[in-house]
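Here is a structure to explore together. The questions below ask what lies behind the words used to describe it.

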Amino acid sequence: MRLLSWNLNGLRSAARGGFWEWLQADAPDVLCLQEIRIQPEQLTDTMHQALGYHATWHCARRKGYSGVATLSRERPLALQHGFGEARFDDEGRVLLTEHPGFTLVNAYFPSGQRGHERVRFKLEFYDALLAYCLDLVREGRRLVVCGDLNTAYQPIDLARPGQNKKTSGFLPEEREALGRWLESGFVDVFRHLHPEAREYTWWSYLHSARQRNIGWRIDYFLVTEDVLPHVQGASIRGDVLGSDHCPVELCLDLAPAMSA
């Protein structure tokens, strides 16, 4: 099973850049999208039909802002919009879908903003969603959490760590918040498989940053440890254009034992 996660920085903009054609050619089993920036009434027939995918949309109340969507070839066994905290759910940040053998959490973590005005909100989101996910783990769920986490965890995860110590996305308190996920039993699959890789998932539009590969790795797949034996691979799809982010990919072997 091949899962992709991608912050589109606007679905309509990505569609004009060939998103639907890319999806038809790439054909993942599941695609999680963040920052779709669209309202329910703006969803077109193409978006609803989604080239044969089962599409679930969770839009923000505020127009042109945030929002997530999960597209899957097989209909999810169950789905849930948000995780029960209105101040986060109103921004369309989390979708949960149930699949054979695991629960998928598609999340768009808040940005702390350039002036740090939303860092507290971001940290509260980190901790609230972690608490919710740990409750699911205690219920016996196997979790795959993916999305734009908006934080580079280690110096290896951004091109210029020394210059960004006071930049939101690499602040000590943000890294500590992400660290609490890893200390609680979640595994950063890409870094687990590629401990020395210097690959990035986001680049500024300024100063030809992508062409110069001056980027940040802020998009992740995190899995609970009981999912890890079923991981076949994880990669960063830097070749895919259409956003200031690129997709990240996770391959799972969903053997019958996984759903036992």
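Q: What makes the largest nonpolar core a core, and which residues have the most contacts inside it?
A: This is a predicted model, and its largest nonpolar core has 28 residues. A core of this kind is a set of buried nonpolar residues joined through side-chain atoms within 4.5 Å. Those with the most contacts inside this one are Val-94, Phe-109, Leu-129, Cys-133, Trp-181 and Phe-186.

Q: Which helices and strands each supply at least two residues of this core?
A: They are strand 6 (94-99), strand 7 (102-108), helix 5 (119-138), strand 8 (143-148), helix 6 (172-183) and strand 12. Helix 5 gives the largest share, eleven residues.

Q: What does Leu-129 touch, not counting residues up to four places away in sequence?
A: Leu-129 touches Phe-83, Val-94, Ala-107, Phe-109 and Trp-181. Contact here means heavy atoms within 4.5 Å. There is also a second, separate core of 24 residues, which includes Phe-190, Tyr-200, Val-227 and Leu-252.

Q: How do you know that the span of helix 5 is close to the expected one?
A: Helix 5 has 20 residues, and at 1.5 Å a residue the expected span is 28 Å. From its first C-alpha to its last, helix 5 reaches 29 Å, so the two values are close.

Q: Which residues of helix 5 are buried, and what covers them?
A: Among the buried residues of helix 5 are Phe-125, Leu-129, Cys-133 and Leu-136. Their cover includes helix 4 (86-89), strand 6, strand 7, strand 8, helix 6 and strand 9 (186-188). After helix 5 comes Gly-140, with a positive phi near 100°.

Q: Why is Gln-39 called buried?
A: Buried means under 20% relative accessible area. Gln-39 has 6%, so Gln-39 is buried. Its place is in the loop between strand 2 (30-34) and helix 3 (45-49). Leaving aside neighbours within four places in sequence, Gln-39 is in contact with Cys-59, Ala-60, Arg-61, Arg-62, Lys-63 and Gly-64.

Q: How do you know whether Asn-9 and Ala-50 are buried or exposed?
A: The cut-off for buried is under 20%. Asn-9 is at 16% relative accessibility, so Asn-9 counts as buried. Ala-50 is at 0%, so Ala-50 counts as buried too.

Q: What makes a cavity a cavity, and how many of 30 Å³ or more are found here?
A: In a cavity a 1.4 Å probe fits but cannot get out. A search of the whole structure finds one of 30 Å³ or more. The largest cavity has a volume of about 60 Å³, and its lining has seven nonpolar, one polar and four charged residues. Among the lining residues are Asp-188, Phe-190, Arg-217 and Glu-249.

Q: What lines the largest pocket?
A: The largest pocket has a volume of about 1,100 Å³. Of its 41 lining residues, Arg-114, Thr-167, Ser-168, Trp-202 and Ser-204 are the closest to its centre. By class, the lining has eleven nonpolar, 18 polar and twelve charged residues.

Technical notes
Residues are numbered from 1 along each chain as its sequence is written. This is a predicted model: local features need pLDDT of at least 70, side-chain atom pairs count only at pLDDT 80 or more; totals for chains, interfaces and linings use all residues. Side-chain values use heavy atoms; hydrogens and water are left out. On a 1 Å grid over the protein atoms alone, a cavity is a set of points where a 1.4 Å probe fits but cannot get out, and a pocket is an open set with protein on both sides within 12 Å along at least five of seven lines; lining residues have an atom within 4 Å of a point. Grid points are joined across faces, edges and corners, and a volume is the space filled by probe spheres set on the points. Ala, Val, Leu, Ile, Met, Phe, Trp, Tyr, Cys and Pro count as nonpolar, Asp, Glu, Lys and Arg as charged, and the others, Gly among them, as polar. Buried means under 20% relative accessible area, exposed over 50%, partly exposed in between (1.4 Å probe, protein chains only). Helices (H or I, at least four residues) and strands (E, at least two) are DSSP runs, numbered from the N terminus.
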